[in-house]
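Come along and follow the entries with the model beside you.

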Amino acid sequence: WDLLIGRLNWRQLAPAERAELVTLLQPPFALTVHARAVVRCLFHQDPLEHTQREGQPPATPAEAAQLFVLSQALWQILRDEPIEETEDFAQADWISLALNDGVGTYHLVRFWMQFVSLQAHDAAAPVLPADVAAIFAGICSRATEVARRARAVLVQDMRFVMVRDPGWTTTHMVPLFDFATAGNEAWVAWRAFLDHGRLSRPLALALLAHYRAGQATFLAAGEKLLGEFLQDVVTIVVHVRPPTAGEWMRTLLPALEPEERLRWARLLGREIDGMPDDEQRELWQVWLGEYWRDRRAGRLGAETMPLLGGESALMAGWLPSLPEIFPEAFDLVRHSPEPDFTHEIFAWRELRKSPLPQRHPVGFLQLVEFLLAHMETGRVSHEIVVETAERLPRLAALRAPLLRIADIIQGHSWIPARDFRAWIEREFPHAVAPA
């Protein structure tokens, strides 16, 4: 039977053949003996997914219901299946383990996720189907190796589950991240989510206490895991902006090694790109403004923490993405310790698309002069300086700083600098002396 069923692919069968196969799998068929082969046959080719790859259409609602009943029976058989135990929970790639465990764990959980997505969704009172919720609750609570791997697959789609049933997710899945109660088992949830999950605002707020409580564990977990943790922290403090974000940064950042603080600053620079004006202003008011003022002063809260030259350079690189609060932020950059661009690349790409030339033309030119004064010639993008200058309003007050910039880049032996100067003299009028 294993050989025969293993040669079948439910997704490629015609409707009549699918019905015959489902009938065949009913008692007295020895489902317990052939469970793995049946999972491969029914679920490895995503029976509910709409795709052009398969010769036959996805399951109809009636077929999906039949497959779900079979999946329940198969899970009852396989959830305690003896397989090799994972030794290092923190370093394991749980999704890969689920994909390759020979049990079909990954495909079963993915089927249940797709099954839920096809059910009617009441946004006003979102609740998981009771039969699915019972399976998921067992996955969350069982301590077998198969259940752990299923839990990892479930957690990677936690954002979706949160939408479909916030109450159930908060009760059953959020506690999976608690090292204090779950111990080493919490790594299953953390690794799956950090490697493959996605945050939403409701999910970030639900998990916030565990991110903060898990901070010490991640600080001791090694470079890779700490980096993934910091990426999520940056996402939360930038896009969710909880009221406690400033306090959180005052406990987290002093505990980081200098190189990790630089990594955090790089991550933040990528995360703020494209933020709307109102979110930039809120970010500044909730925590970023206080943080920036503290760092300029060489502290963070009550902690003495001198601003590194690389940090100063990275913070200057945040400016093109923050036009709404540019005047305040640039004033802090100009009065901070000297930036060191030796190992940090300025955000020229963000400057190219930034609205700074139109919204803050004088400040934009001051920023360019500041960069030219602190940056080695080889790190200057002369093309982007010229390209962004072309978006400036043709104001007489801009002529003098533009000519200074042209002189500097001509001193860099940049060949088109003469053309740039000629363009300035042609496009920008002389200031008119008062009568």
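Predicted model: local features only at pLDDT ≥ 70, side-chain atom pairs only at ≥ 80, totals over all residues.

**Entry 1: the largest pocket**

The volume I wrote down for the largest pocket is about 280 Å³.

Which helices supply at least two residues each to this lining? I listed α17 (258-271), α19 (309-318) and α21 (348-353). I then sorted the lining of the largest pocket by class and got seven nonpolar, three polar and five charged residues.

**Entry 2**

Next I turned to the cavities. A reminder to myself: rolling a probe the size of a water molecule over the atoms shows where empty space is left. I noted two cavities of 30 Å³ or more.

The largest cavity holds about 50 Å³ of space. I read off its lining as Gly-246, Met-249, Arg-250, Trp-287, Glu-290, Tyr-291, Asp-294 and Leu-300. Two helices, α16 (245-252) and α18 (277-296), are the elements that give two or more residues to this lining. Which of these elements gives the largest share of the lining? I put down α18, with four residues. By class, I have four nonpolar, one polar and three charged residues around the largest cavity.

The second largest cavity has about 30 Å³ of space. Around this second cavity I found Trp-292, Leu-307, Ser-312, Met-315, Val-333 and Ser-336.

I moved on to helix α12 (residues 186-196) and helix α13 (residues 201-213). They pack at an angle of about 130°, with their axes 14 Å apart. The two helices are therefore oblique to each other. I also noted the handedness: α12 passes α13 in a left-handed crossing.

Which residues of α12 and α13 meet? On the α12 side I picked out Trp-190, Phe-193 and Leu-194, and on the α13 side Leu-203, Leu-207, His-210 and Tyr-211.

**Entry 3: backbone details**

Last, I checked the backbone. I kept in mind that most residues other than glycine have a negative phi, and that most peptide bonds are trans.

What kind of peptide bond joins Pro-27 and Pro-28? I found a cis bond there, with omega at about 15°. Pro-28 sits in the loop between α2 (15-24) and α3 (35-43).

Then I looked at phi. Asp-46 is not a glycine, yet its phi is positive, at about 45°. To find Asp-46, go to the loop between α3 and α4 (61-78).

Ser-413 went on my list too, as a residue other than glycine with a positive phi, near 65°. I located Ser-413 in the loop between α25 (399-411) and α26 (417-427).

How values were computed
Residues numbered from 1 in each chain as written. Heavy atoms only, no water. Axes fitted to C-alpha atoms, helices over the stretch in contact; angles between N-to-C directions. Parallel < 35°, antiparallel > 145°, perpendicular 65-115°, else oblique. Left-handed = near helix turned anticlockwise from the far one by under 90°. Contact = heavy atoms within 4.5 Å. 1 Å grid on protein atoms, 1.4 Å probe; cavity = no way out; pocket = protein on both sides within 12 Å on 5 of 7 lines; lining within 4 Å. Points joined across faces, edges and corners; volume = space filled by probe spheres on them. Nonpolar A, V, L, I, M, F, W, Y, C, P; charged D, E, K, R; others polar.
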